[in-house]
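Thanks for making the time this morning. I would like to walk through one model with you, taking helix packing to begin with and then charged pairs.

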Amino acid sequence: MPANLQGGAGINPHATQTLAPVDLPLVADRPSRYVAPPSTSPRIGRVAIITLGCKLNQADSESIARQFTQRGVQVIDRPAIADAYVINTCSVTHVADRKARRMVRLARRLSPNAPIVLTGCYLQTAPADIARELGADIAIHTRDKASIADRIGVVRRMRAVEQPTALRTRAFVKVQEGCNDVCAFCIVPKTRGREVSEPIERVVREVQAREREGVQEVVLTGTQLGAYGRDAGTAPADVIAAVLAETSVPRIRFSSLQPQDITPALLGLWDDPRLCRHFHLALQSGSDATLRRMRRRYDVAQYRDAAQRIRAHTGDGVAITTDVIVGFPGETDVEFEESIAFCLEMGFAQMHVFPYSKRSGTVAARLPDQVPHDVKHARMQRMLAVAPESRRAFLDQFAGRVMPVLWERSRGDANGAPAWDGLTDNYIRVTARSHRELRNQLTVARLVTVNADGGFEGEAL
């Protein structure tokens, strides 16, 4: 479940845990595990940084990656044989927890003697000794991520490589972290802490740095983007306006918001075509009764009004994507039907659908009338059926259009022409075959046919 699942958990936000960096002792039954080599040894040459979860985690991982690439170290972003691993975890749902455990075990199988660093939100919700149980060597809180490269001795031991892996075509820049809200289902305040906004000047410098690296799109991200500036007397519109005024990166994406965040001042900034026509507007439920139990700060009418104002100002091509939870405690058949009907009405460009996941330490975990698993599963299947229907209706309006695409990566093709993947500004993934080198290029393409992956087969022009 992405970080766009905005809102807070039903906990005391002042009681946020802080996990100090701690080296874990080697497990006795694995004496051959990681042992620091002498300072002159060039044993470690490649680091795998594996990111689970949200855009905020991706921003953190990119920051960690720069620690290594600035030291001449190769970085990969997938599970593969490596000399060290950093696993940046998520903990919004139990499924995310399982992925974290699976990735640690996979890294250990791939490279039994490599050091494994565990960081991210899972450390905040799991038992204190979970990293040791999983076989990780070092556990580091996200807020201490600046020390990760040093903690595995990369300054002394990592050798330079001739062609270190480049950073992504799209860069994630964190502008805000933490959440002061008290949404009943959410564990985020416990894992990310209270709201802290990055100073506007620092955000601008970060975007400028990514621009110098050749990045074509910057994604401004945070735990609760709409809360930007609450702690500093500013607002989301202020940081976006500064980035627009003081940088020239072709694309800026600022998408994860809630209905109450959609102000005239904010929408007015989308007159600048550099701002991507994509709003991730968290819904969670289309029933007012369920929203009240969730402790959301809007109702269905407010959500509808926000969506209408976005479309009226930005145009029909704008993508509104969302998150929906089914089976929240107390959700009746009537409430679920209301949620289904509202999602159909909204015509979302994309829906991320999740069954309610009970998280210890949240208000919802203690609510009565927990929805039985079989009922939750049946509702999940029905809501999942709405998502592709809504997606297809959104995509159909673009068939035959020519739109700018930022090409990200390529893969081989049986006929010898690479198949390039990229994104439009309104978050449509396009695949096109071309012998041209398109990576990190912003070019136009004709969107030809909708494919099975929920994107378009296109033609690079």
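Predicted model: local features only at pLDDT ≥ 70, side-chain atom pairs only at ≥ 80, totals over all residues.

Residues are numbered from 1 along each chain as its sequence is written, and side-chain values use heavy atoms, with hydrogens and water left out.

Let me start with helix α13, residues 333–346, and helix α14, residues 373–396, whose axes come within 10 Å and cross at roughly 10°. Helices here are DSSP runs of H or I with at least four residues, strands are runs of E with at least two, and both are numbered from the N terminus. The axes are lines fitted to C-alpha atoms, for helices over the stretch in contact, and the angles run from 0 to 180 degrees between N-to-C directions. α13 and α14 are therefore roughly parallel to each other, a label given to angles under 35 degrees. On the α13 side, D333, F336, E337, S339, I340, C343 and L344 meet R379, R382, M383, V386 and E389 of α14, where contact means heavy atoms within 4.5 Å.

Turning to helix α9, residues 236–246, its buried residues are P236, A237, V239, I240, A242, V243 and L244; buried means under 20% relative accessible area, exposed over 50%, and partly exposed in between, with a 1.4 Å probe and protein chains only. These buried residues pack against α8, β9, β10 and α10.

Now to the charges. The structure holds 27 salt bridges, each being a side-chain nitrogen of Lys or Arg within 4 Å of a carboxyl oxygen of Asp or Glu.

R379 lies in helix α14 and E331 in the loop between β13 and α13, so the pair ties together parts that are 48 residues apart in sequence. R379 is buried at 7% relative accessible area, and E331 is buried as well, at 5%.

In another, R411 of strand β15 and D421 of strand β16 have their closest N and O atoms 3.1 Å apart. R411 is partly exposed at 43%, whereas D421 is buried at 8%. Both belong to a network of salt bridges that also links R170, E217, R251, R253, E408, R409 and R429.

Technical notes. Parallel < 35°, antiparallel > 145°, perpendicular 65-115°, else oblique.
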